[in-house]
Amino acid sequence: YMGNEQSEILMMSTNRIRMDLKNENPYVCAVALTAMAEICTPDMCRELAPEVARLISTGNSYLKKKAALAATRIVRKIPDLVEEFVDKVDVLVDDKQHGVITVSYTHLTLPTIYSVQI
């Protein structure tokens, strides 16, 4: 019975985070990205990776930085998902904010660590 409750809680958490990642308020999205990076399970990572990739391409530098950090955590948990984020490196490097550029270099090392061609 306890296992069923945990899976329901994870499903509800995943759905709530997904809704928050689609929110128009960038601060709500940022909190969702931070929460996801801290508590994500492999299943949650697989389900939310497309939303995180979408947020990397947003025009908001604050969200780009948070999404890139969350993507790094996702790839560390599930290395197979590195290919979903490799093409986002250009978006990060071209940003004018130093925080995003710094995170982009962390993001650049992911293909090297997980042996993927850029």
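Buried means under 20% relative accessible area, exposed means over 50%, and partly exposed lies in between. Glutamate 47 is at 45% relative accessibility, so it counts as partly exposed. This residue is found in helix H3. The model described here is a predicted one.

Start with the overall plan. The protein has seven helices and zero strands. From the N terminus on, the elements run α-α-α-α-α-α-α. The protein has 118 residues, and 39% of them count as buried.

The largest nonpolar core has 28 residues. Those with the most contacts inside it are Ile17, Leu21, Leu33, Met36, Val52, Ile74 and Phe85. The elements that give two or more residues to this core are H1, helix H2 (26–39), H3, H4 and helix H5 (82–86). H3 supplies the largest share, eight residues. In soluble globular proteins, nonpolar side chains tend to be buried together.

Now follow helix H4, residues 61–77. H4 has 17 residues and reaches 25 Å from its first C-alpha to its last. That is close to the 24 Å expected at 1.5 Å a residue. Asparagine 60 caps the N-terminal end of H4. A side-chain oxygen of asparagine 60 lies 2.9 Å from the backbone nitrogen of tyrosine 62. Which residues of H4 are buried? They are Ser61, Leu63, Lys64, Ala67, Ala68, Ala70, Ala71, Thr72, Ile74 and Val75. An α-helix has 3.6 residues a turn, so residues three or four places apart point the same way. Ile74, one of the buried residues of H4, is also among the residues with the most contacts inside the largest nonpolar core.

Proline 42 lies in helix H3. The C-alpha atoms of proline 42 and lysine 77 are separated by 6.5 Å, although the two residues are 35 residues apart along the chain. Proline 42 has a relative accessible area of 41%, so it is partly exposed.

The largest share, five residues, comes from H1. By type, the lining residues divide into four nonpolar, four polar and two charged.

Threonine 14 is in helix H1. Is threonine 14 buried or exposed? Its relative accessible area is 6%, so threonine 14 is buried. A polar atom of the threonine 14 side chain lies 2.8 Å from the backbone oxygen of leucine 10.

Aspartate 20 has 17% relative accessibility, so it counts as buried. The side chain of aspartate 20 makes a polar contact with the side chain of arginine 16, at 2.7 Å.

Definitions and conventions
Residues numbered from 1 in each chain as written. Predicted model: local features only at pLDDT ≥ 70, side-chain atom pairs only at ≥ 80, totals over all residues. Heavy atoms only, no water. Helix = DSSP H or I, 4+ residues; strand = E, 2+ residues; numbered from the N terminus. Expected span 1.5 Å × (residues − 1). Buried < 20%, exposed > 50% of the residue type's maximum accessible area, 1.4 Å probe, protein only. Polar contact = N/O pair within 3.5 Å; in protein donor to acceptor, adjacent residues only side chain to side chain. Nonpolar A, V, L, I, M, F, W, Y, C, P; charged D, E, K, R; others polar. Core = buried A, V, L, I, M, F, W, Y, C linked by side-chain atoms within 4.5 Å.
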